[in-house]
Amino acid sequence: MKRVGKLVITVFVLIVLTVSTAFAAGWTTGQAENSSRWWYDLGNGQYYGTPGQTVEWQWLDGNGDGTAECYAFDSEGWMYAGGQTPDGYSVNRDGAWTENGVVRTMTVAAGYAGTMAGSQGTEPDKESKILIAYFSKTGSTEAAARKIQAVAGGDLFEITVADTYPSGYQDTVDRARRELDNNARPVLSSAVENMSDYDVILLGYPIWWHTAPMAVNTFLESYDLTDKIILPFCTSGGSDIEESMPDIRRSGSGATVRTGLTANSLSREQITDWLTYNGLK
């Protein structure tokens, strides 16, 4: 396997470089019956793959060449390889996301290790003040937000736009496409007056055209989010939350964006696992 050879070299180099540190990080193979499977070790006991979430996607530059491939991990942290992921995307034998047999890539900083790399130093305190902010068109995301609030506590806030979206499905789809194409920032009709009081923002939205609605970008860019922690969650007809994460990170500049949750069907246990994984329980 091409990538396995590359990963063996990468893991070897990482071990050599980190021999004097407390934790090693990078691609790691399983043991015994899992010896042919891979997971991504972030060090300090953390890894990609979220309890209760079937698929977590991450862009990773394993060989430090400034080009990342996209990999999917299951809820236990194992990388999917050689077939189709549960959310319907193809991955090759090396685990990289492909379309029509071509590996999808993204230009990144050399050695980019995904959304959680280097973020372990910013941990929420269990007494942090929480804001659950959500944008919802049909009510699905609002329902998810209320379920999450019932477990996490915190204050609920609805992100609303001044120019409301049409009632018809296709009209809303068409407007969302225009806003995305124009990188629009819809004017909001609601605002958080005391944003400085909050330490953690649980941010909910539906997936429109493979990302968050543009109104969510307006919301994020309206505040100073320095040193805040953002935990995104989404509702979706098929896409996973990872598709929206690059935009959330860009618009949420200054904040630490942690592991998101695709919240189409939520149990109290899944919510608790997600919050615990992110240090809130």
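Start by selecting helix α3, residues 169-181, which gives three residues, the most of any contributor, to the lining of the largest cavity. Helices here are DSSP runs of H or I with at least four residues, strands are runs of E with at least two, and both are numbered from the N terminus. This is a predicted model, where local features need pLDDT of at least 70 and side-chain atom pairs count only at pLDDT 80 or more, while totals for chains, interfaces and linings use all residues. Residues are numbered from 1 along each chain as its sequence is written, and side-chain values use heavy atoms, leaving out hydrogens and water.

**The cavity**

Now select A176, E179, L180, W208, W209, T211, A212, P213 and M214 to see the lining of the largest cavity. A cavity is a set of points on a 1 Å grid over the protein atoms alone where a 1.4 Å probe fits but cannot get out, and lining residues have an atom within 4 Å of a point. How much space lies in there? About 50 Å³.

**The open sheet**

Next, pick out the four strands in the order β6-β7-β8-β9: they form an open sheet with antiparallel pairing. The edge strands, β6 (83-84) and β9 (102-103), each pair on one side only. Strands pair if DSSP finds at least two bridges between them, and β6 and β7 (residues 90-91) have two. Zoom in on G83 and you'll find V91 of β7 standing opposite.

**Aromatic rings**

How many aromatic pairs does the structure hold? There are 16. Rings of Phe, Tyr and Trp (its six-membered ring) pair if their centres lie within 6.5 Å; planes under 30 degrees apart count as stacked, over 60 as edge-to-face and the rest as tilted. Select Y48 and F73: their ring centres are 5.9 Å apart and their planes sit at 40°, so this pair is tilted. The two come from distant parts of the chain, 25 residues apart, with Y48 in the loop between β3 (46-47) and β4 (56-60) and F73 in strand β5 (residues 67-73). Is Y48 buried or exposed? Y48 is buried, because its relative accessibility is 0%, and buried means under 20% relative accessible area (1.4 Å probe, protein chains only).

Last stop: F233 and W274, an edge-to-face pair, because the planes are at 75°, with ring centres 6.3 Å apart. F233 lies in strand β14 (residues 229-235) and W274 in helix α6 (residues 268-277).

Key. On a 1 Å grid over the protein atoms alone, a cavity is a set of points where a 1.4 Å probe fits but cannot get out, and a pocket is an open set with protein on both sides within 12 Å along at least five of seven lines; lining residues have an atom within 4 Å of a point. Grid points are joined across faces, edges and corners, and a volume is the space filled by probe spheres set on the points. Buried means under 20% relative accessible area, exposed over 50%, partly exposed in between (1.4 Å probe, protein chains only).
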